[in-house]
Amino acid sequence: MPLFRFEFHEKTNDITVELVDHEAALAEAKRAAGEMPVDSAIDSAEWLIRVYNDSGELIGTIFRNDLREG
């Protein structure tokens with residue numbers, strides 16, 4: 001299975017996880033973002049998690065607004 005790196009807003013430690021595909025990685029990032037404590041001062045359009053594939057390409061970004069879409 002491919003590896004995906006999650007970069008967290010204002011955090012120094014990225015994590016790398018093994019997931020089935022990019023869709024699973026983006027779903028996991030959105031789930032994780034929903035569990036993160038988010039400072040109310042962060043703009044609603046601010047990114048929370050960026051997801052990179054094992055080649056280092058950005059494949060998706062989870063924004064605070066994404067969490068409101070269900």
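In which strand is the place of Leu3? Leu3 has its place in strand E1, where helices (DSSP runs of H or I, at least four residues) and strands (runs of E, at least two residues) are numbered from the N terminus. This is a predicted model, in which local features need pLDDT of at least 70 and side-chain atom pairs count only at pLDDT 80 or more, while totals for chains, interfaces and linings use all residues. Residues are numbered from 1 along each chain as its sequence is written, and side-chain values use heavy atoms, with hydrogens and water left out.

**Overall layout**

The secondary structure of the protein chain comes to one helix and four strands, and from the N terminus on these elements run β-β-α-β-β. Of the 70 residues in the protein chain, 31% are buried, where buried means under 20% relative accessible area, exposed means over 50%, and partly exposed lies in between, with a 1.4 Å probe and protein chains only. The protein chain exposes about 4,500 Å², of which carbon and sulfur atoms supply 48%; such areas come from the Shrake-Rupley method with a 1.4 Å probe. Among contacts with a separation of 6 or more, 40% are between residues 24 or more positions apart, a contact being heavy atoms within 4.5 Å.

**Strand pairing and the core**

E1 and E3 run antiparallel and are joined by four bridges, given that two strands pair if DSSP finds at least two bridges between them. Phe8 has Ile49 in E3 as its bridge partner, and Ile49 in turn has Ile62 in E4 as its bridge partner. E3 and strand E4 (residues 58–63) also pair in the antiparallel sense, over five bridges. In the hairpin of E3 and E4, five residues lie between the strands, and Gly56 takes a positive phi near 85 degrees.

The largest nonpolar core has 13 residues, and those that touch the most other members are Phe4, Phe6, Ala25, Ala29, Ala33, Ile49 and Val51. Such a core is a set of buried Ala, Val, Leu, Ile, Met, Phe, Trp, Tyr and Cys residues joined through side-chain atoms within 4.5 Å. Strand E1 (3–8), helix H1 (22–35) and strand E3 (47–52) each give two or more residues to this core, and its largest share, four residues, comes from H1. Five of the six residues of E3 are buried. Leaving aside neighbours within four places in sequence, the contacts of Val51 include Phe4, Phe6, Ala25 and Ala29, as well as Leu58 and Ile59.

**The start of the chain**

Met1 lies in the segment before E1 and counts as exposed, at 62% relative accessibility. Leu3 is partly exposed, with a relative accessible area of 41%. Not counting residues up to four places away in sequence, Met1 touches Glu18, Leu19 and Val20, whereas the contacts of Leu3, on that basis, include Thr16, Val17 and Tyr52.

| Residue pair | Apart in sequence | C-alpha to C-alpha |
|---|---|---|
| Met1 and Val20 | 19 residues | 5.5 Å |
| Leu3 and Asn53 | 50 residues | 6.4 Å |

**Charges over rings**

Arg5 lies over the face of Tyr52, at 4.1 Å from the ring centre, and the charged end of Arg50 sits over the ring of Trp47, 4.0 Å from its centre. A charge sits over a ring if NZ of Lys or CZ of Arg is within 6 Å of the ring centre and within 35 degrees of the ring normal.
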